[in-house]
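These entries record what I looked up in the structure.

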Amino acid sequence: MQLSEHDCETTCKEFKEVVNMTADLRERHLGSKEGHSVGHKEDGDEATGHREGRRIVEMLDKKKSDLTDDDYGHMRKVVCYVHRHLKQGGPKDKDEVKDSPWRLSLMNWGHDPLKGA
C-alpha cells in the first residue's frame with residue numbers, strides 16, 4: 001500500500017518528536033551493558049527494544065527519498081510504543097528514574113524521558 005505524501009510527512013514529524021536522542025547518545029546507549037540489560041528477549045539473545053534501536057539508527061541514516069513504506073510503518077510502530085510506554089509511567093521517585101529499566105527501555109527505542117526534564 002502506497003502512503004500519501006501527507007501520511008509520510010506526518011509520520012516523519014511524529015517519529016522525529018519521539019526519537020529525541022542524538023545519534024551519538026543512541027549509539028553509546030545501544031552499545032552499553034545497560035542498553036543490553038533491559039527488554040523482552042524472545043530467543044534469549046537480543047531484546048526486542050534493542051533490535052528496534054538498531055533499526056531506528058538505520059532509518060535515521062537513510063535519505064528521506066530512500067525510505068520505504070516498511071520504514072514508515074516501522075516509524076509508526078516506534079511512535080506508538082514510546083507513547084504507550086510513557087503513559088505507563090516510570091518510577092514514582094524521580095531519583096530512581098535515571099537508572100530504571102523503564103527509562104533504559106525507552107532509550108533503546110531512541111527516547112530519553114529525562115531529556116529536557
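Entry 1. I examined the side chains of N108 and H29 and found them joined by a polar contact of 2.9 Å. The model is a predicted one, and I read this distance accordingly.

Entry 2. I then located N108 in helix α7, which covers residues 101–108. Is N108 buried or exposed? Its relative accessible area is 2%, under the 20% limit, and N108 therefore counts as buried. I also listed its contacts, setting aside neighbours within four places in sequence: N108 touches H29, L30, G35, V38, G49, H50 and G53.

Entry 3. I turned to helix α2 (residues 23–31) and helix α4 (residues 48–61), whose axes come within 10 Å and cross at roughly 155°. Because angles over 145 degrees count as roughly antiparallel, α2 is roughly antiparallel to α4. I noted the crossing of α2 past α4 as left-handed.

Entry 4. Which residues of α2 and α4 meet? From α2 I recorded R26, E27 and L30, and from α4 I recorded H50, G53, R54, V57 and L60. Sorted by class, this contact of α2 with α4 comprises 3 nonpolar, 2 polar and 3 charged residues.

Entry 5. Last, I looked up C8, which lies in helix α1 (residues 5–18). With a relative accessible area of 12%, C8 is buried. I compared its position with that of G73: C8 and G73 are separated by 65 residues in sequence, and their C-alpha atoms are 9.6 Å apart in space.

Methods. Residues are numbered from 1 along each chain as its sequence is written. This is a predicted model: local features need pLDDT of at least 70, side-chain atom pairs count only at pLDDT 80 or more; totals for chains, interfaces and linings use all residues. Side-chain values use heavy atoms; hydrogens and water are left out. Helices (H or I, at least four residues) and strands (E, at least two) are DSSP runs, numbered from the N terminus. Buried means under 20% relative accessible area, exposed over 50%, partly exposed in between (1.4 Å probe, protein chains only). A polar contact is a pair of N or O atoms within 3.5 Å; within protein, one must be able to donate a hydrogen and the other to accept it, and residues adjacent in sequence count only if both atoms are side-chain atoms. Contact means heavy atoms within 4.5 Å. Axes are lines fitted to C-alpha atoms, for helices over the stretch in contact, and angles run from 0 to 180 degrees between N-to-C directions. Angles under 35 degrees count as roughly parallel, over 145 as roughly antiparallel, 65 to 115 as roughly perpendicular and the rest as oblique. A crossing is left-handed if the near helix is turned anticlockwise from the far one by less than a right angle, and right-handed if clockwise. Ala, Val, Leu, Ile, Met, Phe, Trp, Tyr, Cys and Pro count as nonpolar, Asp, Glu, Lys and Arg as charged, and the others, Gly among them, as polar.
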